[in-house]
Amino acid sequence: MGLLKEHDFGTPPQPGPASVTVEIDGVPVAVPEGTSVMRAAAQTGTDIPKLCATDSLEAFGSCRLCLVEIDGKKGTPASCTTPVAEGMKVRTQTPKLEKLRQGVMELYISDHPLDCLTCAANGDCELQDMSGVVGLRQVRYGYEGENHLDAPKDTSNPYFDFDASKCIVCSRCVRACGEVQGTFALTIEGRGFDSKVSPSANDLFMDSECVSCGACVQACPTATLQEKSVVELGMPTRSVLTTCAYCGVGCSFKAELRGDELVRMVPYKDGGANEGHSCVKGRFAFGYATHPDRQLNPMIRERITDEWREVDWETAISHVAEKFRDIQARHGVGSIGGITSSRCTNEEVYVVQKLVRAAFGNNNVDTCARVCHSPTGYGLKQTFGTSAGTQDFRSVAEADVIVVIGANPTDGHPVFASRMKRRLREGAQLIVVDPRRIDLVRSPHVEASQHLQLAPGTNVAIVNALSHVVVTEGLVDRSFVTDRCEEFDEWAEFIAREENSPEATESITGVPAEQVRSAARLYASAGNGAIYYGLGVTEHSQGSTMVMGMANLAMATGNIGREGVGVNPLRGQNNVQGSCDMGSFPHELSGYRHVSDEAVREVFEKLWERPIIPEPGLRIPNMFDAAVDGSFLGLFVQGEDIAQSDPNTQHVNAALSAMELVVVQDLFLNETAKFAHVFLPGTSFLEKDGTFTNAERRINRVRPVMTPKTGKDEWRVACEIAQAMGYDMSYEHPREIMAEIAAVTPTFAGVSFDKLDKLGSVQWPCNDNAPEGTPTMHVDGFVRGKGRFVRTPFVATRERSTRKFPLILTTGRILSQYNVGAQTRRTANVAWHPEDVLEIHPHDAEERGISSGDEVTLTSRVGTTTLRAEIADRMPVGVVYTTFHHPVTGANVVTTENSDWATNCPEYKVTAVQVGLRHPVERHEAARDEEPALAD
Ligand code: SF4
Ligand code: SF4
Ligand code: SF4
Ligand code: FES
């Protein structure tokens, strides 16, 4: 495949039917009202010369290159800013236009370095292209006059350079930063000849508000903003379409290569989730895939204190199979199990859960989603009938009021946050429910109408109070509730009780009653009210209750079943939705069907030729408990660092140490690998062939950019272990695995690699009823028939602040790092977040004599760790916050074993702690044991 170039129509598409007919150079074309002449022309195949226009941005009309002549109109209007009118006749090529355009180009070129042949953008420069298109033959003005050829270069960003000498001041970068990304880091300073692009009032890019999303680099028509990788490696020559492997947004990218070398990742304009946008991780932080730390060979050792021994694949696989069989022979079928990874493809996950169910012969399979979104699965299934979000991302463009609960989209789901911010700038209102003043509360051109700054652990009290207002103030959508829901009256009686009123819950949540009332009225009376939530909802002892509470609120106000509304989890990892869909939970087969359902079991038993146990197997925490008790002795861990990401590290370590066989399959020797007896090298997303499913249920193709560096596709490993254990599991290609998934999973019945290659992506359910997928769920009825209201009494967490532990710790993520940091710490992203810090309110800091930058100890009743403090007035008094991207911090050393009552999802968001200045002696001792920097 050559280099994939999407057609640039010059201005964005307009909604609506093609109702206006115009003639472009004699060719008629019908387009929607409001379409620019430039776009209409492009639709006839005529690309009018342009420099300041591109179809990801609103027209600006500054370069004057796109002039056209229109019959009956004076002058030569700019085609990018002129909308079509019925019957309009446009001429795009006349001698007069040619002359004018050549004049414009002459001016640009006279102030531009003439180093095209050695320029990094040679062959990918619109200025160069346009010179050719307009037939520029001479530059009469000479280069002696005043010019910008000596303008300084800003190389401060680790991923791209800004060479001001090449800037034509088209403002595409400035507009991309505002319109697409929503950060507004760039401005054009000065006027006329002195005008220039400037990041945050003359800062360097690295010192500005820039978040390195790359939108400006993408938009720049010249080499002014250019990826460093292109400067170093040269212009790519071919592209492979694939999907980002970081977060649950699931952005589509063109992996652009030069020969076999990956040069850059360019967001794909037709990507359903991202529509051409990206964040710093997907766009730039892919270097970990080729980092020297990667382990490429299988390794084994008898005891975890022994040195690793590299072996070939055959030896490693037969060793694993033999050990697992031996453990089962001595301790029973249920003494081993597996954990699937939300970073792996659907196909890789499917074969691991099949390995457990068919080859191990038990249901002891769980997934890392246990520790993040398992309450979403449970809560939405109970109320709506399906364990997934209700909308596609595009839907937010139709929302009138957006409620963000326990999520920080600008850091956690940045590309979706940009969509959301765009809608907010258009006038939608925002309600933020979060203990911390996240960036969305106030950022350029965005301000929340309400910020309900509740105490950690009181989500259910708040959602009940919001619903109380809806029910008692007559804001219920009666016809929706009557026609589409059940058990409303019982719920309404419960929620109307005084104990759920904003006044009664004020002392619990800390949010003034009047503020809660205003927020409830705002949401309930919005045309379209949309709820988006994250781990700040699920990682609580009442995570599942809260999910159901939000579903109740949405149903009561009729905010389900159309565009612009819904209840939407912002999923953490790239394939957390998929790993759950694939049957990774111990109680569910693929498609969320309970193992106790005989008819469902039969389908699998017939195909797999093995009996399926009708009782659920062990969840991750139960596996750990059983390991400590001595009844669970073997574990296969696919791509997940449970020693770092699971709560109460001491207990996890004790469990792992107690096992006879821990098999870790991963890219790097992670924290869990310290307890492993076998290490099987995994593949990076650049080597995988399969699918990821994002937070919108969108199934995207992941295509191999390079052959597996380990010499083996990851999905083959589980198959070969199964075979070595005596169960025949083999496929020729991952498309066959997807075919099997489709055969056994009704919501995937219409999914195939062929269809995905044809349509780009589909959102499940995808079957005979919806052959091209389902962007919005529950449109005519809920998946379970009627939407079910569930009573959601608030029960305070056992975790309380005390005299000894007077503060509450809550955790989250930051934009530049990802999860436990195994990937991002091995990229230049460390420039932004070299260590985890503890955010603390100035009052709490002062009480403890802490200043920003001080090392502090963070202690809970289960453990203690050390961090650097950052005084942050966005924290409420009494609450501290940290990220968990660096193993040296070990934030989970302090988190407790409390968990969601329904799913065991750990209560990461509420831990009672004490913070104190670290003793100088401790500092000295620790200095000897610093974490090595990973980025090279
Ligand atoms: S990289 Fe993104 S945030 Fe930074 S200046 Fe460019 S568009 Fe703005
Ligand atoms: S940096 Fe690029 S996009 Fe920005 S004004 Fe200059 S030429 Fe245009
Ligand atoms: S928003 Fe998520 S999926 Fe998109 S580029 Fe960033 S990390 Fe990747
Ligand atoms: S492209 Fe129309 S004025 Fe620049």
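Colleague: At what angle do helix α9 and helix α25 pack?
Modeller: In this predicted model, helix α9 covers residues 346-360 and helix α25 covers residues 714-724. Their axes lie 8 Å apart. The packing angle is about 10 degrees.

Colleague: Is α9 roughly parallel or roughly antiparallel to α25?
Modeller: The angle between α9 and α25 is about 10 degrees. Angles under 35 degrees count as roughly parallel. That makes α9, relative to α25, roughly parallel.

Colleague: How do the residues of the contact of α9 with α25 divide by class?
Modeller: From α9 the contact takes Glu 348, Val 351, Val 352, Leu 355 and Ala 359. From α25 come Glu 714, Trp 715, Ala 718, Cys 719, Ile 721 and Ala 722. Glu counts as charged. The division is nine nonpolar, no polar and two charged.

Colleague: Are α10 and α19 oblique or roughly parallel to each other?
Modeller: Helix α10 (residues 374-383) packs on helix α19 (residues 543-556) at an angle of about 40 degrees, with 8 Å between the axes. Roughly parallel would need an angle under 35 degrees. The two helices, α10 and α19, are therefore oblique.

Colleague: Which are the edge strands of the open sheet of four strands?
Modeller: The order of the sheet is β2-β1-β4-β3, with mixed pairing. An edge strand pairs on one side only. The edge strands are β2 (27-31) and β3 (69-70).

Colleague: Which residue in β2 stands opposite Val 22?
Modeller: Strand β1 (residues 20-24) is joined to β2 by five bridges. The two strands run antiparallel. Opposite Val 22 stands Val 29.

Colleague: Which elements give two or more residues to the shell around ligand 3?
Modeller: The residues around ligand 3 include Lys 281, Gly 282, Pro 414 and Val 415. Helix α7 spans 280-284 and helix α12 spans 414-425. The elements are α7 and α12.

Colleague: Which residues come nearest to ligand 2?
Modeller: There are 14 residues around ligand 2. By class they are 10 nonpolar, three polar and one charged. The nearest are Cys 167, Cys 170, Ser 171, Cys 173 and Cys 220.

Key: Residues are numbered from 1 along each chain as its sequence is written. Chains are lettered from A and ligands numbered from 1 in the order in which they are written. This is a predicted model: local features need pLDDT of at least 70, side-chain atom pairs count only at pLDDT 80 or more; totals for chains, interfaces and linings use all residues. Side-chain values use heavy atoms; hydrogens and water are left out. A residue is near a molecule or strand if one of its heavy atoms lies within 4 Å of it. Axes are lines fitted to C-alpha atoms, for helices over the stretch in contact, and angles run from 0 to 180 degrees between N-to-C directions. Angles under 35 degrees count as roughly parallel, over 145 as roughly antiparallel, 65 to 115 as roughly perpendicular and the rest as oblique. Two strands pair if DSSP finds at least two bridges between them. Contact means heavy atoms within 4.5 Å.
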